[in-house]
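Please look over the model below before reading on. This briefing covers helix packing and a few individual residues.

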Amino acid sequence: MSESPKSAAASPGAVLPRLADVIASRRDGDPDRSYVARLFAKGNDAILKKIGEEATETVMAAKDGEPDRIVAETADLWFHCLVMLEFHGLRPERVLEELARREGMSGLEEKASRKAAAREERGE
């Protein structure tokens, strides 16, 4: 039995992994019957283009200061990011783990640590 919208709202942290499962299940579906399957059939560039469009729409909604539209556009953006993650064989839990790793760290400190790690990988 699937969760009702009310119980899903009670555990928002579980929504991303559940949605990722649905996206994964539709990956190889019929592109004529599934929007997700159609995106996968079009490939990475189409998925990335959609993320760009949704990011722009999110920015415009925020610029206009319309709370309901901000939420709706952000949901669209996150959805398409989940599609992109699935395309690359990644789970949203990896992103959540990265956010947890950064929690409590200064943004400036975190950015500097990534730059240092990149220099180290290049042997600098």
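The model is predicted. Helix H4 spans residues 44–64 and helix H5 spans residues 67–87. Their axes come within 8 Å. H5 also packs with H2, where the axes are 10 Å apart. H2 has a further partner in H6, with axes 9 Å apart.

**H4 with H5**

- The axes of H4 and H5 cross at roughly 160°.
- Angles over 145 degrees count as roughly antiparallel, so H4 is roughly antiparallel to H5.
- The crossing of H4 past H5 is left-handed.
- In this contact, 13 residues are nonpolar, four are polar and seven are charged.

**H2 with H5**

- H2 packs with H5 at an angle of about 60°.
- That angle makes H2 oblique to H5.
- H2 passes H5 in a crossing that is right-handed.
- On the H2 side, the contact is made by Leu16, Leu19, Ile23 and Ala24.
- H5 contributes Phe79, Leu82, Val83 and Glu86.
- By class, this contact of H2 with H5 has seven nonpolar residues, no polar ones and one charged.

**H2 with H6**

- H2 covers residues 15–26, and H6 covers residues 92–102.
- These two helices pack at an angle of about 155°.
- H2 and H6 are therefore roughly antiparallel to each other.
- From H2, the residues that meet H6 are Leu16, Pro17 and Ala20.
- They face Pro92, Glu93 and Leu96 in H6.
- The class count for H2 with H6 is five nonpolar, no polar and one charged.
- Leu16 of H2 takes part in the contact with H6, and Leu16 is also listed in the contact with H5.

**Threonine 58**

- Threonine 58 is placed in helix H4.
- Is threonine 58 buried or exposed? Its relative accessible area is 13%. Buried means under 20%, so threonine 58 is buried.
- Leaving out residues up to four places away in sequence, threonine 58 touches Glu73, Thr74 and Leu77.
- A polar atom of the threonine 58 side chain lies 3.1 Å from the backbone oxygen of glutamate 73.

**Alanine 61**

- Alanine 61 also lies in helix H4.
- Alanine 61 counts as buried because its relative accessibility is 0%.
- Which residues does alanine 61 touch, not counting those up to four places away in sequence? They are Glu66, Arg69, Ile70 and Glu73.
- Glu73 is touched by alanine 61, and Glu73 is touched by threonine 58 as well.
- Alanine 61 and arginine 114 are 53 residues apart in sequence. In space, their C-alpha atoms are 31 Å apart.

Terms used:
Residues are numbered from 1 along each chain as its sequence is written. This is a predicted model: local features need pLDDT of at least 70, side-chain atom pairs count only at pLDDT 80 or more; totals for chains, interfaces and linings use all residues. Side-chain values use heavy atoms; hydrogens and water are left out. Axes are lines fitted to C-alpha atoms, for helices over the stretch in contact, and angles run from 0 to 180 degrees between N-to-C directions. Helices (H or I, at least four residues) and strands (E, at least two) are DSSP runs, numbered from the N terminus. Angles under 35 degrees count as roughly parallel, over 145 as roughly antiparallel, 65 to 115 as roughly perpendicular and the rest as oblique. A crossing is left-handed if the near helix is turned anticlockwise from the far one by less than a right angle, and right-handed if clockwise. Ala, Val, Leu, Ile, Met, Phe, Trp, Tyr, Cys and Pro count as nonpolar, Asp, Glu, Lys and Arg as charged, and the others, Gly among them, as polar. Buried means under 20% relative accessible area, exposed over 50%, partly exposed in between (1.4 Å probe, protein chains only). A polar contact is a pair of N or O atoms within 3.5 Å; within protein, one must be able to donate a hydrogen and the other to accept it, and residues adjacent in sequence count only if both atoms are side-chain atoms. Contact means heavy atoms within 4.5 Å.
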